[in-house]
Amino acid sequence: MPPEPAVTEAASHRPRPRRSLLFVPALRPDRFLKALDTGADIVCIDMEDAVALDRKDEGRAATLPLFRTRTHPHVEQMVRINGLSTYHGLKDLQALIECEAPPDAIMIPKIRSAEEVQLIDTLLAAGPARAIRFCVIIETNQGLERALDIARASSRIDSMILGAVDMSADLRCTKAWEPLLYARSRLVHAAASAGIDLLDVPFLNLDDPAGLAAEAQGCARLGFTGKASIHPSQLEAIHAAFTPTAAQIEKARRVCAAFEQSTTGLVVVDNELIERPVGRSYYRMLAIADRIARGSA
């Protein structure tokens, strides 16, 4: 039997950092360029929760033209669409199918099954839309139950995010750390199994920086790779929680260099045996280090 191939993500598919995601309301397109300058790894224009029902068309019309002129290539530019089961969700998909310059990715809300993701994948399979990547929101009890299947539903999925407000309502629990610990842990398992990134829900109290820092640090320890935000002032604490130390980055360079020379799925660095799945974490550290080196962290 031939040896298992070594990790090769550094060569052509090094993961991009997804420590932070900053939401921008669709009805405020003037804030988009400002958001791209904040240092957030992802900027997501929200056409769903941030837009009232009678202004959805206005929000869509203001959002999609923003991607015709692309700046800030190291920032992932994303749009949160409306749910597939809604009229405006269908109009969002039609607009994306017809869009000549679509965003890098879309955030898909209210996902309850892998089949829903696969349907969107099929609908966006032609033209420029075929390059669109996916971030799926898990915010219902049904979605939580099927999280692993959803995470593996499409090769377009790069990330998953917890929608804690709707999730806590569905689970009949308080939106707090302890009641949602099981939900967070289940999503960590699903995302890790699928090899995708996992972001936590925004911390909504802008007057509690200590609470934000504690929640971000707790998510990082649990296995999340990043956290969403609603204001640029929250990015510093989020980056502090999800950015590796200089010592960790230096070790990541040595581990990844060893994998590049290895013909198996195992390397030994600092007398530690490191297997290929663990190697992906080190490549993610290098992606973060590259971003810091560009001066945009």
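These questions and answers cover the strands and helix packing of a predicted model.

Student: In what order do the eight strands close into a barrel?
Tutor: The pairing around the barrel is parallel. From one strand to the next, the twist averages 25°. The order is E1-E2-E3-E4-E5-E6-E7-E8.

Student: Which residue of E8 stands opposite leucine 22?
Tutor: Strand E1 covers residues 20-25 and pairs with E8 in the parallel sense. Three bridges hold that pairing. Opposite leucine 22, E8 places serine 229.

Student: How many bridges join E7 to E8?
Tutor: E7 and E8 run parallel. Leucine 199 stands opposite glycine 226 in E8. The number of bridges joining E7 to E8 is two.

Student: Are Lys227 and Ser229 of strand E8 buried or exposed?
Tutor: Strand E8 spans residues 226-229, and both its faces are covered. Gly226 and Ala228 lie on one side, with Lys227 and Ser229 on the other. Buried means under 20% relative accessible area. Lys227 and Ser229 are both buried.

Student: Which residue in E5 does alanine 105 stand opposite?
Tutor: Strand E4 (residues 105-108) pairs with strand E5 (residues 133-138). The sense is parallel, over four bridges. Alanine 105 faces arginine 133.

Student: Why is H9 oblique to H10?
Tutor: Helix H9 (residues 181-194) packs on helix H10 (residues 209-222) with axes 10 Å apart. Angles under 35 degrees count as roughly parallel, and 65 to 115 as roughly perpendicular. The angle between H9 and H10 is about 45°, which makes the pair oblique.

Student: Which residues in H10 meet those of H9?
Tutor: The crossing of H9 and H10 is right-handed. H9 brings Leu181, Arg184, Ser185 and Val188. By class, the contact has four nonpolar, one polar and two charged residues. The partners in H10 are Glu215, Cys219 and Leu222.

Student: How do H3 and H4 lie to each other, roughly parallel or roughly antiparallel?
Tutor: Helix H3 (residues 56-63) and helix H4 (residues 87-98) have axes 11 Å apart, at an angle of about 20°. Angles under 35 degrees count as roughly parallel. H3 and H4 are therefore roughly parallel.

Student: How many residues of the contact of H3 with H4 are charged?
Tutor: H3 gives Lys56, Asp57 and Arg60, while H4 gives His88, Lys91, Asp92 and Ala95. One is nonpolar and one is polar. The charged residues number five.

Technical notes:
Residues are numbered from 1 along each chain as its sequence is written. This is a predicted model: local features need pLDDT of at least 70, side-chain atom pairs count only at pLDDT 80 or more; totals for chains, interfaces and linings use all residues. Side-chain values use heavy atoms; hydrogens and water are left out. Axes are lines fitted to C-alpha atoms, for helices over the stretch in contact, and angles run from 0 to 180 degrees between N-to-C directions. Angles under 35 degrees count as roughly parallel, over 145 as roughly antiparallel, 65 to 115 as roughly perpendicular and the rest as oblique. Contact means heavy atoms within 4.5 Å. Ala, Val, Leu, Ile, Met, Phe, Trp, Tyr, Cys and Pro count as nonpolar, Asp, Glu, Lys and Arg as charged, and the others, Gly among them, as polar. A crossing is left-handed if the near helix is turned anticlockwise from the far one by less than a right angle, and right-handed if clockwise. Two strands pair if DSSP finds at least two bridges between them. Buried means under 20% relative accessible area, exposed over 50%, partly exposed in between (1.4 Å probe, protein chains only).
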